[in-house]
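Here are my notes on the model you sent.

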Amino acid sequence: MSYSSNFRPQQCGLPISFVIIGGGIAGLACALALRRVGHRVLVLEKSDKKSARGEGGIRLPPNLTKIFFHWGLRDALKKKAVVSRTIVFSKYESGDYLGSQVWDENVLAETRGVFMLMTHEQLHEILHDAAIKAGVQVKYKCPVTAVDPANHRISLASGETLSADVVVGADGEYGLCRRIVVGQEVRGTPTGLAMYDTIVNSKYLPKNLAAVKKENGVFVAFGDNRSIVAFPVRGSKELAFQFYGPDDAQEGRYGDAPSVKVQEIATTLDERLQPIIKNARKAVRVTVREYSDIEDWVEDDGRLVLIGEAAHPFPPGTIQATAMAVEDGAVLAKLFSHLAEERQIESFLYAFQDLRQARTREVRASEFGNAFFMAMPDCDASRQRDAGMRQLGEQGVNVLEGGGEASGAFEEVRTIFGYDCEDEADDWWVQWGLLRERAIGRQAEEEEEEEEDVAPQTPMYDFSGSAFTVQVSSA
C-alpha cells in the first residue's frame, strides 16, 4: 500500500449520507475517512468547538500515524507533533533509574509509522481542518436527543429532525448511541484506579530527566499503586503528565473541569519532581473502569453503528485508545469505498463489526494489563519487575526486549504496532466481499435464465401467404 500524501483512494460507486454523532477525534477521523472515498458526511457535536478539542497529551503509535500519513496528514502532523523513539523508566518514589527502551529503526520501518507526541487539542484541530477541507459538514452546539435507527432519523434539541442512510455513534461510553444499541446504560465497574491528566511547563523538569526533553522521550515511573507517564508536547515547551493513582471519587470522566490539585495525589513522588507538582495545572480526574464486551456494535433494527469509545471503552491515557478509534473510522470507510448498491449497506456494517471486535478486544486487554503493570502495589511481582529492568538497564540493553519481566509484552506490542487496519479491510473485500458479490451476480443470472425458460409462448399468425402458417415467438 502506498503511503504518499498524493494517494487518492478508491471512490465508492454509490455515494450515501452518513450522520456521525460526536465531534471528537473518533468522529472527525471517521468523517474524513468516509469523505475521502466519496460519501456525504455530517458531524453533530453537542458542545462548542473549544470544549470538543479537549486538553492533555496524546501519544500516537506507529499503527495510528501510518493511517494519518496515508490520508495525507504527514506534513500537518510534523508541524505540531514531536517524533519520539525513547522511553525512560524510573521509580516513582525514589527516582531511581530502571532502564530505557530505544525503538529500533528497523522495527519502526516494518510498521510504516513513527511514534509522535502532541496534545489532544492539536490533533483535533488537524482532523477538523482536514475534514472541512474535504467537504465534511460539522455542526457544534448541536445535541442529539433521540435516534430512530429503523427509520434512519435523528432528532435534535432544537426540534429539527434529520435523516441519513447510516448513523454512526461516536459519542463515547456515556453517549446516547451506546445506550440505544445495548438497550440500557452500561457504566462499567470502577477498578479503584484513576488517571489524573494535566500539563506543566517543561522548564521545571529536573536535570536527571533532561534527556526526556532533549530526545523527545517518554518518561515512565513505577510506584506503589501509582505510576506516571509524561512526555513533551508543543515543541517540548510543555510536558503532558498523566498520573495514575487511587480513585476515591470513582466518577471522573473526560470533559470534566480540571479540579484536582496534583500536590494532593503525588505526596510520595520523588522530591526532584516536586517543582513540577507545584507548578502543574489542576488535573482532570478520569476513572479507570472495566467494561464487558458488548455483543453488538450494529443496532438490530436499523443502520446505527458504534465506533471508538462508544463501542469499546479503553483505559484513559493508554497509547492505543485513540489509535483504535481512528482505526475504526479507517476500516468503516475502506469497506464503504466498495459500496455500489444499497443492499450492501447492512453487510458492510456487520463486516466492520466482525473485523474490529477481535482487534479491539485483544488490544484493550493488553492496554489494561499495561496500566496495572505500571501501577502494581509494592509486592514480590513488582520488585521482580523492577530488578529485571534494572539489571538490563545496567547492561545498556533495551528493557522491553532484553529478556526481563517486561519483555513478554514486547512481541505483543510489536504486533499491535505493525497491524495495518486498511489492509485488513482490503483483505476482507478480496476474500469475502467480492466472492459474495459474484455469487449474488450468478444467482441473479440463473434466476433471469429460469424466467426466460418458463416464459409463455405467444402464437403469431401470418396471413400474408395463401397458405396458413404459424410462427412461434420465444419472447
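**Notes on the model**

1. The largest cavity has a volume of about 100 Å³. A cavity here is a set of points, on a 1 Å grid over the protein atoms alone, where a 1.4 Å probe fits but cannot get out. Grid points are joined across faces, edges and corners, and a volume is the space filled by probe spheres set on the points. The structure holds two cavities of 30 Å³ or more.

2. This is a predicted model, in which local features need pLDDT of at least 70, side-chain atom pairs count only at pLDDT 80 or more, and totals for chains, interfaces and linings use all residues. Residues are numbered from 1 along each chain as its sequence is written, and side-chain values use heavy atoms, with hydrogens and water left out.

3. The lining of the largest cavity consists of R178, S292, D293, I294, W297, A311, H312, P313, Q357, T360, R361 and R364; a lining residue has an atom within 4 Å of a point. Helix α12 (residues 344-374) supplies four residues, the largest share of this lining. By type, the lining of the largest cavity splits into four nonpolar, four polar and four charged residues. Ala, Val, Leu, Ile, Met, Phe, Trp, Tyr, Cys and Pro are counted as nonpolar, Asp, Glu, Lys and Arg as charged, and the others, Gly among them, as polar.

4. The second largest cavity holds about 30 Å³ of space. Its lining is made up of Y92, Y196, R226, F243, Y244, G245 and I265. Strand β16 (residues 238-246) gives the largest share, three residues. Five residues of this lining are nonpolar, one is polar and one is charged.

5. Helix α1 covers residues 25-36, twelve residues in total, and spans 16 Å from its first C-alpha to its last, close to the 16 Å expected at 1.5 Å a residue. That expected span is 1.5 Å times one less than the number of residues. Helices (H or I, at least four residues) and strands (E, at least two) are DSSP runs, numbered from the N terminus.

6. How many of the twelve residues of α1 are buried? Eleven are, and α1 is mostly covered. Buried means under 20% relative accessible area, exposed over 50%, and partly exposed in between (1.4 Å probe, protein chains only). The buried residues include I25, L28, C30, L32 and R36. After α1 comes G38, with a positive phi near 110 degrees.

7. Two residues deserve a look for their backbone angles. Most residues other than glycine have a negative phi. R112, which is not a glycine, has a positive phi of about 65 degrees. R112 sits in the loop between α5 (105-111) and β7 (115-119), and counts as partly exposed because its relative accessibility is 31%. N225 is also not a glycine, and its phi is positive, near 60 degrees. The loop between β14 (218-222) and β15 (227-233) contains N225, which is partly exposed at a relative accessible area of 35%.

8. Three strands make an open sheet with antiparallel pairing, in the order β3-β7-β4. Its edge strands, β3 (57-60) and β4 (82-84), each pair on one side only. Neighbouring strands of this sheet are turned by 30 degrees against each other on average, direction ignored. Strands count as paired if DSSP finds at least two bridges between them; β3 and β7 have four bridges, in the antiparallel sense. Opposite G57 stands T119 in β7.

Methods:
On a 1 Å grid over the protein atoms alone, a cavity is a set of points where a 1.4 Å probe fits but cannot get out, and a pocket is an open set with protein on both sides within 12 Å along at least five of seven lines; lining residues have an atom within 4 Å of a point. Axes are lines fitted to C-alpha atoms, for helices over the stretch in contact, and angles run from 0 to 180 degrees between N-to-C directions.
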